[in-house]
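Welcome! Have a look at the sequence and the structure below, and then let us walk through them together.

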Amino acid sequence: MNGPGGQRDEELRFDLRGVDQVALCGPGDQNLRRLERKFDGTVSARGELLRIVGPPVQVQRIADVVADLLERVRRGQRIDAVTVDYLLAGRPEREPLPSEPGDEEQPLLFATGARRAIRARTAGQQLYAAAVRDHDVVFAIGPAGTGKTYLAVVMAMDFLKRNLVDRIILVRPAVEAGEQLGFLPGDLKDKINPYLRPLYDALSDLIGPARIGKYMESGVIEASPLAYMRGRTLNNAFVILDEAQNTTVGQMKMFLTRLGEQSKAVITGDITQIDLPSAELSGLVQARSVLEGTEGVAFVELDSRDTQRHPLVRRIVDAFEDAGRIEPVVGQPMEDPADVGDE
């Protein structure tokens, strides 16, 4: 069967044996009809078989959503319109990156336990993953929900499993505490936990909480506030600096000059959410200005099309961008190198 423009349609089938079809399809197959409204083809369930027929590029996108829906139903979740829209929004229509055939289909990592394959879901995320493979220092800049932190952790675990690095180091500025952690209760680990929670959450999703503890006890995974990085040399390590928009210029230079042999650094941040005092220039903003074009350094710009959270998050990001309500502070002079503290 041919689709629009004479292109031959593709057909994919899913086995529905043992699946609660009412939970999957919704009353009167309303969930399937909702899928079809975003698709130039058909989605139908007959007996114990679900068929997707349509243009090849679109079929794969809808098939990914259906696979996710099936996994949720098997876990006992009843699917509604919000769930369908959320998953569709997580796989936006976007031109694929030029790549070798099949490259974008290769998993970045398999999560422990269920062996769930972790893949880059958007063209921007594919570019991000490729940049990490090909460069020693990668800056990932983009709004909330674009997978900046999660993909950095995924790539770090991949490098660790393939013995390309010996350890993973998680770093974050503690801006809310002014880098003065002493007044917080507990030991160093207790003090920095609130700031590193997003990184821990990503690790927990990939390897499970129990293994995080074992890795941290053995030093394979280390978490540190940015202020404690001064004076160190990081060899054979995959280092992630999260929330880098909240570093000062001096802190950013200090962090980047910690990198030792056989190491890789991924720096993530959102320059629309800078929490520094208004007179302080963001190290991430300045790094983009100073280091762009430097050999071995890559900058990846993600946008709302890469958002993997609730569909409303994408609309919020777009609304703020369109209204011009949030603008990064740019154009301030860089600190004189002599004034930037460094070991």
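Strands here are DSSP runs marked E of at least two residues, and they are numbered from the N terminus. With that in mind, L241 is found in strand β9. Please remember as you read that this is a predicted model.

**The whole chain**

The chain holds 11 helices and 11 strands. It has 343 residues, and 47% of them count as buried. The accessible surface comes to about 17,300 Å², with 49% of that belonging to carbon and sulfur atoms. Now take the contacts in the chain with a separation of 6 or more: residues 24 or more positions apart account for 72% of them.

Is L241 buried or exposed? L241 has a relative accessible area of 0%, and because buried means under 20%, L241 counts as buried. Leaving out residues up to four places away in sequence, L241 touches V171, R172, P173, L226, T247, M252, F255, V266, I267 and T268. The C-alpha atoms of L241 and A265 are separated by 7.5 Å, although these residues are 24 apart along the chain.

Next, find G47, which has its place in the loop between β2 (42–46) and β3 (49–54). The relative accessibility of G47 is 54%, and the cut-off for exposed is over 50%, so G47 counts as exposed. G47 and L16 are 31 residues apart along the chain, and their C-alpha atoms are separated by 8.0 Å.

**A pair of helices**

Two packed helices are described by the angle between their axes and the distance between the axes. Helix α9 (residues 249–256) packs with helix α10 (residues 283–291) at an angle of about 65°, and their axes are 8 Å apart. The crossing in which α9 passes α10 is right-handed. Which residues make the contact? From α9 they are V249, M252 and L256, and from α10 they are G283, L284, Q286, A287 and L291. Sorted by type, the residues of this contact are six nonpolar and two polar, with no charged ones.

Let us stay with α9 for a moment. This helix is mostly covered, as six of its eight residues are buried. The buried ones are V249, G250, Q251, M252, M254 and F255. Against which elements do the buried residues of α9 pack? They pack against β6, β7 (167–172), β9, β10 (264–269) and α10.

**Aromatic pairs**

How many aromatic pairs does a search of the whole structure find? The search finds two. A pair of aromatic rings is described by the distance of the centres and the angle of the planes. Here are those values:

| Pair | Type | Centre to centre | Between the planes |
|---|---|---|---|
| F139 and F299 | stacked | 4.5 Å | 5° |
| F159 and F238 | edge-to-face | 5.5 Å | 65° |

Why does the pair of F159 and F238 tie together parts that are 79 residues apart in sequence? F159 lies in helix α6 (residues 148–161), whereas F238 lies in strand β9 (residues 237–241), so the pair links these two parts. Both F159 and F238 are buried.

Note on methods
Residues are numbered from 1 along each chain as its sequence is written. This is a predicted model: local features need pLDDT of at least 70, side-chain atom pairs count only at pLDDT 80 or more; totals for chains, interfaces and linings use all residues. Side-chain values use heavy atoms; hydrogens and water are left out. Axes are lines fitted to C-alpha atoms, for helices over the stretch in contact, and angles run from 0 to 180 degrees between N-to-C directions. Helices (H or I, at least four residues) and strands (E, at least two) are DSSP runs, numbered from the N terminus. A crossing is left-handed if the near helix is turned anticlockwise from the far one by less than a right angle, and right-handed if clockwise. Contact means heavy atoms within 4.5 Å. Ala, Val, Leu, Ile, Met, Phe, Trp, Tyr, Cys and Pro count as nonpolar, Asp, Glu, Lys and Arg as charged, and the others, Gly among them, as polar. Buried means under 20% relative accessible area, exposed over 50%, partly exposed in between (1.4 Å probe, protein chains only). Accessible areas come from the Shrake-Rupley method with a 1.4 Å probe; for residues, only the protein chains shown count as cover. Rings of Phe, Tyr and Trp (its six-membered ring) pair if their centres lie within 6.5 Å; planes under 30 degrees apart count as stacked, over 60 as edge-to-face and the rest as tilted.
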